[in-house]
Amino acid sequence: MRWILHLDGDGFFAACEISLNHKLKGKPVVTGFERGIATAMNQEAKNLGVSRGMPIFQIKKLFPKVIIVNSNYHSYSMFAQRMFNIVRRYTPLVEEYSIDECFADLTNLPDPIKTARMIKADLKRELGLVFSVGLGPTKVIAKVASKWNKPDGFTVIKFTEIRSFLKDLAVGKVWGIGPATSIHLQRMGINTALELIDRPKEWARANLSKPELERWFELRGENIYKVNAALDDKQSSIQTTRTFSKTKNKEIIFSELSKNIEEACSRARQQKLKSKKVHLFLKTQEFRHKRAEVSLLSPTSSPATVLNAIRGTLNSLYEPDVEYRSSGITLSELTTSENTQNDLFGEVVQNDKKSEIFDVVDELEKRFGKHIVGLGSSLNASKKRGLHAERRLWIPCMGEVV
Amino acid sequence: MEELEDTLSIDEYLIDNKEATFLLEVKGNSMKDDGIIAGDLIIVERGKTPRVNDIVIIEENGEYKMKHFPKSSKKEIHVVAVVTAVVRKYK
């Protein structure tokens, strides 16, 4: 059984604004001034009665105390990138689903529930942002879980608990079941998600459209949708670094690097991943970075193979009279060594990838306007950049200090 | 195939935890004796556990202030972030 994590930012845009401007804390905050409608709001504003999509002029009139700010998509996407990177500390199997949502596959980690708690805590402590967290056997169930107890929720739905969570859940609340489908299902006497999954398979195959049938499987805890991690992306990698007492000794440095490699490879194997590219670095006492990249002949997660591949490179990196203080390894260009289990469910599972991507784009545009979809293409552009290409690090400014 | 590089990256020199790092503009001279003056940009890390005497950011009366993290304190100090570097441009 799989453990899929879903993270959903609570009032994400407003939360980013507050994280960068502490004077807004505790006050009702709404974003979207420039668009004339509320694009996000914090709990304080929600409590007053503000909801997403409400016209700004109306908010001003009804709730004069609400602080309305322009959206700043650049800083929201910066926070989003940081959120994805924090989740990637635990697994490279991360799907950036939207600017404030992601999925991650925690199945092969030793303690998925504890990991989910740690991710939530990191996000709160380091970004100052609150996320609702859902953990379940499928993506659709993970979505049910993250929605269950918003804001600041943490909900785990085990396979055996699915029925009790779906009992009172209106079928239209399920991810991907829209109003039209919902009416169609209601005509067939299905009002709750539980009523849907209680219909037998023959009935489901005969009466449901392909996307509905996929939901029928997913709600029953059977995986149809994979976490679409962009594993070939530069962002997806396994990194380990170690700081050691400063040394000039090549053997010590080599053994530190080999510990890096063992750890990185062990994490790769744990998640059934193999790497095609190794990146190694040495940091000198003067904070100079010496780095190198080595392509592997074929994808591997074997430390011996990696170690052999970098041996020569280390020789050319190493300078005898320099003191070193840390080393690190990054495994990138990951591929999964796992076979997909898709064929279990027959033709249903011939998952039309393209249509799923377009669904995502549509959903994004629906939620955030055309603006946001541009982010996707800029991600693509960053993918094409080489090792030497300039990569800017953006750091958000939190304001002033006296 | 391999590519070699030997550089000092200012980003990596100044920053340990990229995800938790933020900037603040310094407006006052309360930390003058520590070499932080008005006009400087400081780099801070959120969520980092402060050690005694670290320069930390606290929130007081709706304002951010810099302070040395004390050995002990009568009232609880809520640390927003730990100062990890200072940036000053002369030109």
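Helices here are DSSP runs of H or I with at least four residues, strands are DSSP runs of E with at least two, and both are numbered from the N terminus. With that settled, hello everyone. This is a predicted model, where local features need pLDDT of at least 70, side-chain atom pairs count only at pLDDT 80 or more, and totals for chains, interfaces and linings use all residues. Residues are numbered from 1 along each chain as its sequence is written, while chains are lettered from A and ligands numbered from 1 in the order in which they are written.

Let me begin with helix H11 of chain A, residues 210–219. Is this helix mostly covered or exposed? Mostly covered: seven of its 10 residues are buried, where buried means 20 or more other C-beta atoms within 10 Å of a residue's own, with C-beta atoms placed from the backbone. Among the buried residues of H11(A) are A:Arg215, A:Trp216 and A:Leu219. They pack against helices H6 (139–148), H7 (162–166), H9 (193–197) and H10 (201–207) of chain A. Just after H11(A) comes A:Gly221, with a positive phi of about 90°.

A:Leu219 turns up again in the largest nonpolar core, as one of the residues with the most contacts inside it, along with A:Leu5, A:Val30 and A:Ala104. By a nonpolar core I mean a set of buried Ala, Val, Leu, Ile, Met, Phe, Trp, Tyr and Cys residues joined through C-beta atoms within 7 Å. This one has 69 residues. Helix H4 of chain A, residues 73–88, gives the largest share, seven residues. A second, separate core has 20 residues, including A:Leu273 and A:Ile329.

Now, what does A:Leu5 touch? Leaving aside neighbours within four places in sequence, A:Leu5 is in contact with A:Phe103, A:Ala104, A:Leu106, A:Ala116, A:Val133, A:Leu135 and A:Ala142; contact means C-beta atoms, placed from the backbone, within 7 Å.

On to the sheet. In chain A, five strands form an open sheet in the order E5-E6-E1-E7-E8, with mixed pairing; two strands pair if DSSP finds at least two bridges between them. The edge strands are E5 and E8 (154–156), each pairing on one side only. Strand E1 (residues 4–9) pairs with E6(A) in the antiparallel sense over five bridges, and A:Leu7 has A:Cys102 as its bridge partner in E6(A). E5(A) and E6 (residues 101–105) are also antiparallel, over four bridges, and a hairpin joins them through two residues. Here A:Val94 stands opposite A:Ala104. Why is E5(A), residues 94–98, called largely enclosed by the rest of the structure? Because four of its five residues are buried.

Next, a helix pair in chain A. The axes of H12 (residues 250–270) and H13 (residues 303–317) come within 10 Å and cross at roughly 145°; axes are lines fitted to C-alpha atoms over the stretch in contact, and angles run from 0 to 180 degrees between N-to-C directions. Residues making this contact include A:Phe254 and A:Ile261 of H12(A) and A:Val306 and A:Leu314 of H13(A).

Finally, a stop in chain B. B:Val56 sits in strand E4, residues 55–60. B:Val56 counts as buried because it has 22 C-beta neighbours inside 10 Å. B:Val83 is 27 residues away along the chain, yet the two C-alpha atoms are separated by 5.5 Å. Besides B:Val83, the residues B:Val56 touches include B:Pro50, B:Lys67 and B:Phe69.

Key. A residue is buried if 20 or more other C-beta atoms lie within 10 Å of its own, exposed if 12 or fewer, and partly exposed in between; C-beta atoms are placed from the backbone. Two residues are in contact if their C-beta atoms, placed from the backbone, lie within 7 Å.
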